Amino acid sequence: MNGKLKGNIMMFVAKTFSGLNQNALRFLLPNWMSPQTGVLLRLGFGSLFFLAYEIFVRKKFPLPSWKDAGLLFLAGLILVFGYMWALLEGLSYTTPISSSIFISLQPVFVFIICLIIKTEKATWKKVIGMVLGFGGALLCVLTQHTSDVASDPFKGNMFCLLGALLFSGYLVTEKKFIPKYGSAMVSFLTFFGGAIGAVVLVCFSGWDAEVFHKSLFSTPFLVLLFVLIFPTSISYLLQDFSLKLLSATVVALYSDLILIVSAIASYIIGQDKFSWWQILAIILMLVSVYLVEVSETGSPASKPAIRPSS
């Protein structure tokens with residue numbers, strides 16, 4: 001098997017996990033665990049996973065300075081924790097498809113941030129992509145109504161929008177440190193910072209995880225294990241491995257798969273109802289991300305990919 005084929009297979013698997021993550025979290029929230037508890041579980045498990053991975057690859061990268069370690073910890077405390085909380089809170093009120101639409105906006109938000117800090121230049125493709133992306137998100141917000149699958153879609157969509165903005169800020173920060181310290185150390189410090197924020201939140205909101213009252217082989221517990229092991233941990237590792245085999249542009253374009261997988265799964269298992277408006281919003285989002293990604297300047301293989309959240 002050649003390197004490119006292997007890289008594409010790993011990215012397909014990674015983003016399939018990320019797409020199914022939206023449906024799995026929607027199943028768990030809020031009946032089997034609260035959003036606050038879910039944030040702590042994901043960030044706590046991720047911290048331990050990336051710590052173990054960091055120990056395994058320790059000799060490949062230097063230890064970060066105290067200043068850089070503190071900056072990464074704060075990025076996790078504010079941006080990663082904020083993203084996780086907003087995503088899970090939003091999924092309590094809206095559908096996985098709507099959540100995925102806002103996740104797909106992340107490359108657009110990242111470009112806007114880079115434009116503000118003057119690390120990117122505007123092109124007509126990127127501008128059109130941004131307009132289409134925001135048009136798709138606005139279409140989703142204006143046409144989605146309260147139903148048996150979305151108790152308060154406007155509120156949920158606003159939380160998901162906030163989450164996408166926060167994680168986009170994190171991605172810009174992460175992009176600066178990964179080449180120097182490696183993805184394992186950067187992920188550990190940011191996840192650990194986020195986990196500390198989650199601990200504080202749970203101290204005020206209380207621990208609420210009905211899922212732990214079920215047996216190990218019950219559906220809710222198995223879904224939780226899937227969320228913790230695959231979208232929270234494995235998908236990020238597969239993506240990092242793929243970056244060694246594929247260009248950054250190709251890796252970034254796989255973010256579209258999250259939206260597609262989540263939409264198909266939502267319709268099949270009844271977590272959303274078919275809507276032509278929603279299909280139009282999805283098409284606008286896919287075109288938006290494509291225009292923004294393919295208009296990146298410079299050598300695509302030389303840039304770290306902007307990795308959407310899961």
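**Cysteines, a loop residue and the core**

Trainee: Is Cys-203 buried or exposed?
Mentor: Cys-203 counts as exposed because its relative accessibility is 64%; exposed means over 50% relative accessible area, buried under 20%, and partly exposed in between (1.4 Å probe, protein chains only). Please note that this is a predicted model, in which local features need pLDDT of at least 70, side-chain atom pairs count only at pLDDT 80 or more, and totals for chains, interfaces and linings use all residues. Residues are numbered from 1 along each chain as its sequence is written, and side-chain values use heavy atoms, with hydrogens and water left out.

Trainee: And what about Cys-160?
Mentor: Cys-160 is buried, since its relative accessible area is 5%.

Trainee: How many disulfides does the structure hold?
Mentor: There are zero disulfides, a disulfide being a pair of cysteine sulfur atoms within 2.5 Å.

Trainee: New topic: where is Leu-29?
Mentor: Leu-29 lies in the loop between helix 1 (3–28) and helix 2 (35–56). Helices (H or I, at least four residues) are DSSP runs numbered from the N terminus, as are strands (E, at least two). Leu-29 is buried because its relative accessibility is 1%.

Trainee: Which residues does it touch?
Mentor: Beyond neighbours within four places in sequence, Leu-29 contacts Ser-34, Pro-35, Leu-88, Leu-91 and Ser-92; contact means heavy atoms within 4.5 Å. Leu-29 and Ser-92 are 63 residues apart along the chain, yet their C-alpha atoms are separated by 5.5 Å.

Trainee: How many residues has the largest nonpolar core?
Mentor: That core has 52 residues, and Leu-25, Met-33 and Leu-224 are among those with the most contacts inside it. A nonpolar core is a set of buried Ala, Val, Leu, Ile, Met, Phe, Trp, Tyr and Cys residues joined through side-chain atoms within 4.5 Å. Helix 7 gives the largest share, 16 residues.
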